[in-house]
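Here is a short report for a reader new to this protein. Look over the sequence and the structure, then read on.

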Amino acid sequence: MPLDVSQVPLVGGHPALDLVNTLERGAPPDAEPPPHDFLSDTSALLRWAVRVGLISDAEAGRAGQAWRDDPATAHAGLAAVRDIREGLYLVMLAAIRPAGGGSADDPGGNDPIAAGAALVGLHERWSAAATRATLVLDRGDPPQVRLTYGTVPAMLIPDRIAETALDVLRTADLTRVHRCPVPEGGCGWLFLDHSRNGSRRWCRMADCGTTAKARRLTDRRRAARTGTP
Ligand SMILES: [Zn+2]
């Protein structure tokens, strides 16, 4: 039984990477059953967006109301978010260095042509979001002018997600974005490595790291029994 979106581990270290990790990764594209999507419907998307801090409870109320008033915009919003998620995943796969130099049996791979097309799509999503953004003067101390995305309630969540996707691409140190290593038993999720020496291998040591360690131990015992290396 897959976890609900309120329980999906937030291991990405950036909301945009947590977005990528709302879909199970690491299985071949034609896997049966298909990978589980934690953003199963618009209500899951609303709850997830609040949980990762992209929108406030009040904003979720406004976005949810706009979607109930016009369900077509709700479906379009969810489709836009999934589109940004897959575009960002393709770009990240092409941009990041695979741990251990990569491996032929890793179904992730990287595809520069698909990544280029994905960047065009991400730019389109972001420029549409930017046309709906406003500049707001905050008279605090010190005063500052802020660019606020998401002024149209029905597009609030896709616009904030376009903003955060651009943020991770432009500001994150991509040498610090790692993929939980699928060939070694990891899950394929992406995470920003904040460790001092950049040597974090697993999205969750307690989960993927331990599974991989147990698998290596089983392999070694089997090899010892059968005499194969
Ligand atoms: Zn993992």
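This is a predicted model: local features need pLDDT of at least 70, side-chain atom pairs count only at pLDDT 80 or more; totals for chains, interfaces and linings use all residues.

Of the five residues of S2, how many are buried?

## An open hairpin

The number is zero, so strand S2 lies largely in the open. S2 covers residues 144-148. Strand S1, at residues 134-138, is hardly covered either: the count of buried residues among its five is zero.

S1 and S2 run antiparallel, and five bridges join them. Together they form a hairpin, with five residues between the strands. Thr134 stands opposite Thr148 in S2. Leu137 has Val145 in S2 as its bridge partner.

The loop between S1 and S2 holds Pro142. A cis peptide bond joins this proline to Asp141, with omega at about 0°.

## The whole protein

Now step back from the hairpin. The secondary structure comes to seven helices and four strands. Along the sequence, the pattern reads α-α-α-α-α-β-β-α-β-β-α.

The C-alpha trace spans about 70 × 40 × 35 Å along its principal axes. The protein has 229 residues, and 33% of them count as buried.

## The largest nonpolar core

In soluble globular proteins, nonpolar side chains tend to be buried together. Here, the largest nonpolar core has 46 residues. Leu45, Leu88, Met92, Ile157, Ile161 and Ala165 touch the most other members. At least two core residues come from each of these elements: helix H1 (15-20), helix H2 (42-51), helix H3 (57-69), helix H4 (71-95), helix H5 (112-131), helix H6 (156-171) and strand S4 (190-192). H4 gives the most, with 10 residues.

What does Ile161 touch, not counting residues up to four places away in sequence? Its contacts are Leu19, Leu54, Val81 and Ile84.

## H5 against its partners

Two packed helices are described by the angle between their axes and the distance between the axes. Two such pairs share H5. Take H4 and H5 to begin with. They pack at an angle of about 140°, with their axes 8 Å apart. Angles over 145 degrees would count as roughly antiparallel, and 65 to 115 as roughly perpendicular. H4 and H5 are therefore oblique to each other. Their crossing is left-handed. On the H4 side, the contact is made by Ala80, Asp83, Ile84, Gly87, Leu88, Leu90, Val91 and Ala94. On the H5 side, the residues are Pro112, Ala114, Ala115, Ala118, Leu119, Gly121, Leu122 and Arg125.

H5 also packs with H6. The angle is about 125°, and the axes are 9 Å apart. H5 and H6 are therefore oblique to each other. The crossing of H5 and H6 is left-handed. Leu122, Arg125, Trp126 and Ala129 come from H5. They meet Asp159, Ala162, Glu163, Ala165 and Leu166 in H6. Leu122 and Arg125 of H5 also take part in the contact with H4. Ala165 was named above among the core residues that touch the most other members.

## Prolines to find

Most residues other than glycine have a negative phi, and most peptide bonds are trans. Another cis peptide bond joins Glu32 and Pro33, where omega is about -5°. Pro33 lies in the loop between H1 and H2.

Pro71 has its place in helix H4. Is Pro71 buried or exposed? Pro71 has 10 other C-beta atoms within 10 Å, so it is exposed. Pro71 and Gly12 are 59 residues apart in sequence. In space, their C-alpha atoms are 30 Å apart.

Definitions and conventions: Residues are numbered from 1 along each chain as its sequence is written. A residue is buried if 20 or more other C-beta atoms lie within 10 Å of its own, exposed if 12 or fewer, and partly exposed in between; C-beta atoms are placed from the backbone. Two strands pair if DSSP finds at least two bridges between them. A nonpolar core is a set of buried Ala, Val, Leu, Ile, Met, Phe, Trp, Tyr and Cys residues joined through C-beta atoms within 7 Å. Two residues are in contact if their C-beta atoms, placed from the backbone, lie within 7 Å. Axes are lines fitted to C-alpha atoms, for helices over the stretch in contact, and angles run from 0 to 180 degrees between N-to-C directions. Angles under 35 degrees count as roughly parallel, over 145 as roughly antiparallel, 65 to 115 as roughly perpendicular and the rest as oblique. A crossing is left-handed if the near helix is turned anticlockwise from the far one by less than a right angle, and right-handed if clockwise.
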